[in-house]
Amino acid sequence: MKYSFLTIPVVLFITISCQAPQSEEAMLFDSLEKLPSVTVKEASSFSLGNRNILISGKEQEISLETIQLFSGFSAAVKTETELICLDNADSFTKYPFASKQHFQLAEGALEVNQLQFISKDKLGITLLYAIKNVDNSSKNIQFQFQPSSDLKPSVLMDSTFGSNAVDQIIFDDLTGIFTAKDEGNDWYAVWGTSTDFRMSPNNSDCTAEISELGASAGFEISLELAANEERVIPIFIAGSDQGEFTAIETFADLRDGLFSDWDENFALIDSLQKTSKITIPEQEIQEAYEWSKYKFDLSAVGKDIDYRKQIGTGWEYQMLDDYRMHYIETLDKDVFLSQNDELRIAYEGVQSLLLDLLGIRADIESRVTYIRPNLPKEWKEASIENLWIDDNKINISISSEADQIIVEVTQTQKKAGLSIELPEEFSSVKVLGKEVSNDTKDGFRRILMTGDHVKIEAKK
């Protein structure tokens, strides 16, 4: 009996040692759990992009700022008995710089995850298809990928940019790269996979719709998957309106920089998660602020932010209420389609409106932060952390009841001034637990302080 206890760790060791090590590409899927996310409710309204590239819609159209590359693309998995088009995901999740679709196939025997992400400033996009055999027996499958090129001026360009012509697609067997060219212009789209996979040109029955002047060509990769084995197939897509060499150069850059591009994006979002974090009762407005921050790096109060001292009308709260409607799913498309700074200013306004409601105003030259709480009646508590005001990182929490207000502040620059302003009917004021006297001006009591920690408790 005493020997039976030894069999458990031995069996575990044998099981673990027999498992194949996880690939670096598969680790990217795991790291998604550490990113903020939102479920995409309607695939046709989906968008992911920046000022350089956009992927959007159910067919996943891909456009650069100047030209459209694809009208859509399709992927499929072919088993011994059927061809399964990957066009109806079980779930669709969006992240700040990536999205993931999950597919359960062949009566649960296969699992596919499609991950797509955009680099910070490259004119291309990367797709990763993780295919896992969740059955107890090995399987031979073929993975198919086929885009439909539609090289033409993007919606941002007028008719003088170029006249759309027929697309032609060429496959180079030596490099393993597909190249689509508009016959009348130096507009190119290129795509392919990594050198770890051998692909064969092959047209799929799951092809996305081809436009009148467009073209379509795809490839197939054969895989033998052992029981519970997972393989990740990367696909790199690049484009250019400056000639074929530029497009191929971007393609190579995407392929060589797969992990460095991911790490750069991930590190940026990770750092922004730690900055200027607002906590309010309205969860959707809070999410809208967070996603604006990921796109526009809202983390500091600057000299150029317009602040309105007198509020009282409630218009800020109504504007914030409007922001949360359809905000996150459409943000990337709106940013891409904007040709000026108006949209950026509008979304940056989420921060200034929230600061208005918290009553925060910064006088950077005098090194004084003014706090005059102005929470909506529905909000009993609100806070902001890691808000940078020049070189001072400040945290503010506000608790507001009918007969009591509590304001607590911490700051890294303890010599910086704090001016807490409360309605004069709150006549009993304590600072760090001690009753203090204070002056009134324009109907408000004002408490002037310095220090790295201040707590004001006021009662009527």
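Modeller: In this predicted model, a residue is called buried when its relative accessible area is under 20%.

Biologist: Are Phe70 and Trp191 buried or exposed?

Modeller: The cut-off for burial is under 20% relative accessible area. Phe70 and Trp191 are both classed as buried.

Biologist: How many aromatic pairs does the model contain, and what is the geometry of the pair formed by Phe70 and Trp191?

Modeller: Ring centres must lie within 6.5 Å to pair, and planes over 60 degrees apart count as edge-to-face. The count by this rule is 14 aromatic pairs. For Phe70 and Trp191, the centres are 5.3 Å apart and the planes make an angle of 85°, so the pair is edge-to-face.

Biologist: How many residues apart in sequence are the parts that this pair ties together?

Modeller: Phe70 belongs to strand 5 (residues 67-78), whereas Trp191 belongs to strand 14 (residues 188-193). The pair therefore ties together parts whose separation in sequence is 121 residues.

Biologist: Which residues do ring pairs link into a cluster with Phe70 and Trp191?

Modeller: Phe70 and Trp191 are both members of a cluster linked by ring pairs.

Biologist: What is the C-alpha to C-alpha distance between Thr79 and Ile141?

Modeller: Thr79 touches Leu110, Asn140 and Ile141, leaving aside residues up to four places away in sequence. Thr79 and Ile141 are 62 residues apart in sequence, and their C-alpha to C-alpha distance is 4.8 Å.

Key:
Residues numbered from 1 in each chain as written. Predicted model: local features only at pLDDT ≥ 70, side-chain atom pairs only at ≥ 80, totals over all residues. Heavy atoms only, no water. Phe/Tyr/Trp six-rings, centres within 6.5 Å; stacked < 30°, edge-to-face > 60°. Helix = DSSP H or I, 4+ residues; strand = E, 2+ residues; numbered from the N terminus. Buried < 20%, exposed > 50% of the residue type's maximum accessible area, 1.4 Å probe, protein only. Contact = heavy atoms within 4.5 Å.
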